[in-house]
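The report below describes one protein chain, beginning with a single residue and its surroundings and then widening to the chain as a whole. Please keep the sequence and the structure in view while reading.

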Amino acid sequence: MPKASELTVDKRFVGLFVGQSGSGKTVAEGSFPGPIHFFDFDGRIRGLLGASWINRDKITYDYFPPKSEGLIPDLNKKLEVMSIQARTGQLD
């Protein structure tokens, strides 16, 4: 089993923040150095507006309404494009 002490620096980080509504997940994510891309599933991206210390110029996002028709295919399409961009060095 790998140990965290053996980790080396990588160019990108992919994370999933999970927690109760209003617990600060969006602001925590937005505080990472950019560029950052959000997948907003609940329309609460505006939580960043209350965090004046966050540089929103380096943050992009896609909004996926939770009960929209075609949510999973749309999300899969976006993830496939981002995967190709990451493999070809087009995703910073």
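Leaving out residues up to four places away in sequence, Glu29 touches Phe17, Ile36 and Phe38, where contact means heavy atoms within 4.5 Å. Glu29 has its place in helix H1, residues 25-30; helices (H or I, at least four residues) and strands (E, at least two) are DSSP runs, numbered from the N terminus. Glu29 is buried and yet has no salt bridge, the nearest side chain of opposite charge being Lys25, 7.1 Å away. Here buried stands for under 20% relative accessible area, exposed for over 50% and partly exposed for what lies in between, with a 1.4 Å probe and protein chains only. A salt bridge is a side-chain nitrogen of Lys or Arg within 4 Å of a carboxyl oxygen of Asp or Glu.

The model is predicted, so that local features need pLDDT of at least 70 and side-chain atom pairs count only at pLDDT 80 or more, whereas totals for chains, interfaces and linings use all residues. Residues are numbered from 1 along each chain as its sequence is written, and side-chain values use heavy atoms, with hydrogens and water left out.

By the salt-bridge rule the count comes to one. That salt bridge joins the side chains of Lys78 and Asp62, at 3.2 Å from N to O. The pair links distant parts of the chain, since Lys78 is in helix H2 and Asp62 in strand S2, 16 residues apart. Lys78 has a relative accessible area of 26% and is therefore partly exposed.

In soluble globular proteins, nonpolar side chains tend to be buried together. Apart from neighbours within four places in sequence, Ile59 is in contact with Gly30, Ile36, Phe38, Leu48 and Ile54.

Several prolines lie in loops. Pro35 is placed in the loop between H1 and strand S1 (36-40), and the peptide bond from Gly34 to Pro35 is cis, with omega near 0°. Pro66 lies in the loop between strand S2 (59-63) and helix H2 (71-87), and, not counting residues up to four places away in sequence, Pro66 touches Phe41 and Leu71. Pro65 is found in the loop between S2 and H2 and counts as partly exposed because its relative accessibility is 32%. The table gives C-alpha separations for two of these prolines.

| C-alpha pair | Separation along the chain | C-alpha distance |
|---|---|---|
| Pro66 and Lys77 | eleven residues | 16 Å |
| Pro65 and Gly24 | 41 residues | 20 Å |

Taken as a whole, the chain has two helices and two strands, and from the N terminus on its elements run α-β-β-α. The C-alpha trace spans about 40 × 35 × 30 Å along its principal axes, and buried residues make up 15% of the 92 residues. Among contacts between residues at least 6 apart in sequence, 31% join residues at least 24 apart.

Key. Lys, Arg positive; Asp, Glu negative; His and termini not counted.
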